[in-house]
Amino acid sequence: MARGKQDTRLDAPKGLRTTVIPRRGQTVDNNDRFGRFTEWIARAMGTPWFILGLTVFVVFWMAWNTLAPVAWRFDSIALGFIALTLVLSLQASYAAPLILLAQNRQDDRDRVQIEQDRQRAERNLADTEYLAREVVALRLAIKDIATKDFIRAELRALLDDLDRREDDGRDGDGAQARG
């Protein structure tokens, strides 16, 4: 089966690489724009600055609708700030799915990373086993190599053998010359 242009991206999960309705002139980067936006929202909502900004917004809203002239107020304190409650509910209803989308994208990236780590670990294990076999082979090869002490002992034994032969030859030559 031939792979399309969209199937070549490996940094996005397979399900996110395809679209239900293909758009004319759309690139892979455009497909990922909404996902990056959701991740940006999730990152921004998880900061102290967001909480601080939301707190300032709520305090300003309540102060304005409490202290401003009655004609300028748009949310009644008597009704318990219904508009503020609606705004915060709307913000929460959009925030939750955006955070879940960002979380799903991160889970997909984590799965890809885990698979790559597993493959890397398998390669490292295979390399380590190969190197261990090579070290054992070198030890066996070195075991058969003559060491300096072994060569000295062999040379001493040969010299002693030659000295004995020479001594035996002199004894034999002296006996023959006399006889």
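Glutamate 122 and arginine 118 are four residues apart in helix α4, so about one helical turn separates them. Their side chains meet in a salt bridge, with an N to O distance of 2.3 Å. Glutamate 122 is partly exposed, at 44% relative accessibility. Arginine 118 is also partly exposed, at 39%. Elsewhere, salt bridges that share partners join Asp32, Arg36, Glu39, Arg105 and Arg109 into one network.

The model is predicted. The mean pLDDT of the protein is 82. A value of 70 or more is reached by 78% of the residues. Confidence is highest in helix α3, at a mean of 92. It is lowest in helix α1, residues 14-17, at a mean of 53. Where pLDDT is low, the predicted coordinates should not be read in detail.

The structure holds nine salt bridges. One of them pairs the side chains of aspartate 32 and arginine 105, at 2.8 Å from N to O. Aspartate 32 lies in helix α2 (residues 28-45) and arginine 105 in helix α4, so this pair ties together parts that are 73 residues apart in sequence. Both aspartate 32 and arginine 105 are buried. Arginine 105 also meets glutamate 39 in a salt bridge, with an N to O distance of 3.0 Å. This second pair again links distant parts of the chain.

A nonpolar patch lies on the surface. It is formed by Phe34, Phe37, Trp40 and Leu101. Together these residues have about 430 Å² of accessible area. Helix α2 gives the most to the nonpolar patch, with three residues. Phenylalanine 34 is placed in helix α2. Its relative accessible area is 49%, so phenylalanine 34 counts as partly exposed.

Aspartate 163 is located in helix α5, which covers residues 148-178. Aspartate 163 has a relative accessible area of 42% and is partly exposed.

The backbone at phenylalanine 81 also stands out for its phi angle. Phi there is near 55 degrees, a positive value in a residue other than glycine. Most residues other than glycine have a negative phi. Phenylalanine 81 lies in the loop between α3 (48-67) and α4 (82-144). Its relative accessibility is 9%, so phenylalanine 81 counts as buried.

Key:
Residues are numbered from 1 along each chain as its sequence is written. This is a predicted model: local features need pLDDT of at least 70, side-chain atom pairs count only at pLDDT 80 or more; totals for chains, interfaces and linings use all residues. Side-chain values use heavy atoms; hydrogens and water are left out. Helices (H or I, at least four residues) and strands (E, at least two) are DSSP runs, numbered from the N terminus. Buried means under 20% relative accessible area, exposed over 50%, partly exposed in between (1.4 Å probe, protein chains only). pLDDT is the predictor's confidence in each residue, from 0 to 100. A salt bridge is a side-chain nitrogen of Lys or Arg within 4 Å of a carboxyl oxygen of Asp or Glu. Patches are made of residues with over 30% relative accessible area and no salt bridge: like charges are joined within 9 Å, nonpolar side chains (Val, Leu, Ile, Met, Phe, Trp, Tyr) within 5 Å. Accessible areas come from the Shrake-Rupley method with a 1.4 Å probe; for residues, only the protein chains shown count as cover.
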